[in-house]
Amino acid sequence: MLVQFSVENFQSIREKVCLDMRRVNINEHKDSLIQNEYLPVSVIYGPNGGGKSTVLQALNMFCAMITAPLFQMGTLNLPFVGIIQKPVPIPFLLDDDSRNKPTVFELVVHLGESDYKLYMECQGALIIYECLQEKKAAGRIITLYERNNTTLTVGEKLKVSVPKTAVIAADMPALSFLRQLYGISPIKEITDWMIASPTIDYGTPAMEEMLKATLLLHAQNPQLKATMKNMLKYLNLDIDDFDMNVINNNANQQLQIVTYHNVNNKRYNLFLQQESMGTQKLFNLLPYIIDSLSRGGVLMIDELDAKLHPKMLERVISLYTDKKHNKNGAQLLFTSHDLSTMNNKVFRRDEIWFAAKDQSENTMLYSLSDIRDESGELVRTDASYSKQYLAGRYGADPYFEKIQKWEA
């Protein structure tokens, strides 16, 4: 379970921002909460260039910094097709001080009966400081390990299985190092959670091909096909059945997907590429959605609303907010420009977030549940969130007023 994620000095984020997946004390959609405490979804709105995607990129990069070395060394097998180069964070470049300061990541996840907080400071590829702490519900905080530059020191809980001190490479995360050599609990569970939490960025040109390659990888799995078929019915795509055929073309394999439609008591078939772009997008997304729901991970999607009808978007969101579908505590984190779903029927107020830049081009992140009006009152549950957002009431002005002035 994702509890909190914060990042500082990363791309357009200069000052610390924090995405909090813990509920606030409001009486909305309580039945959708995970363990009565955690949010199943969060959506980030904001203007183009405001930094919405950067928040997702930061969490994805932090997880990739940990998992990429494990994939490269063969410790772990990549469940989906993807890029496994170890990424290097870029600091905020629009002031001289930030250029030379470290990027800071802090991740809190809830696994089993404990919260685990992983903190890291890095200067480019070099890790300056790293710390992993554990806290049980009724217990004290204990330090599992701490690293300063290349020196790693483990706490009492890990000392049974791991030498008290070790020297590690300056660009190797301690979590990766411990998983590679020892694979002990809770190191294994934390890295497994990261693997189960992929990011899908539709702003990346190669992403569509990677999604198709992932579908090809799992095309022979009959259980996946059965689950996909049930999901397609739930999403009301009017597809009665489909086949996934792997075609060997010399040394290459290609996936041919055929969909079947019953029209006027007659069966017709189409190739997937003849379906709408929205249908194609959902087909490629379904293996990731199914995996996150089955493993209880976090699925992060940039621009989930692109190419999807608002009602279809609502259906996808409901896969995570309805416990009939979400039995393992999966979470969906995405960015969106779709305002028709920005309402109290789809989201709790603490599930709606805004990203926008201040006068110094620094991205800020804040929740609708934190916004107060001039009299100090919180945004009402029955308010028209989308209308107030378009009016600039929430700070993340979509720039419509500026566009009108330019036209004049």
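N236 sits in the loop between α7 and β11 (241-249); helices here are DSSP runs of H or I with at least four residues, strands are E runs of at least two, and both are numbered from the N terminus. Before going on, the housekeeping. This is a predicted model, in which local features need pLDDT of at least 70, side-chain atom pairs count only at pLDDT 80 or more, and totals for chains, interfaces and linings use all residues. Residues are numbered from 1 along each chain as its sequence is written, and side-chain values use heavy atoms, with hydrogens and water left out.

Back to N236. Its phi is near 60 degrees, a positive value in a residue other than glycine.

N149 is in the loop between β7 (141-148) and β8 (151-154). Phi of N149 is near 55 degrees, again positive in a residue other than glycine.

One more loop. Which peptide bond is cis? The one from S185 to P186, with omega near 5 degrees. P186 lies in the loop between α4 (174-181) and α5 (187-195).

Next, the second largest pocket. A pocket is an open set of points on a 1 Å grid over the protein atoms alone, where a 1.4 Å probe fits, with protein on both sides within 12 Å along at least five of seven lines; lining residues have an atom within 4 Å of a point. The space in this pocket is about 370 Å³, a volume being what probe spheres set on the points fill, with points joined across faces, edges and corners. It is lined by 16 residues, and L224, T227, I290, D291 and S294 are the closest to its centre. Two or more lining residues come from each of α7 (222-234) and α8 (277-295), and α8 gives the largest share, 5 residues.

By class, that lining has 6 nonpolar, 7 polar and 3 charged residues. Nonpolar here is Ala, Val, Leu, Ile, Met, Phe, Trp, Tyr, Cys and Pro; charged is Asp, Glu, Lys and Arg; the others, Gly among them, are polar.

Last, the cores. A nonpolar core is a set of buried Ala, Val, Leu, Ile, Met, Phe, Trp, Tyr and Cys residues joined through side-chain atoms within 4.5 Å. The largest has 54 residues, with I289 and F354 making the most contacts inside it. Helix α8 supplies the largest share of this core, 8 residues. Apart from it lies another core, of 53 residues, including I66, L144, A174 and V298.

Methods
Buried means under 20% relative accessible area, exposed over 50%, partly exposed in between (1.4 Å probe, protein chains only).
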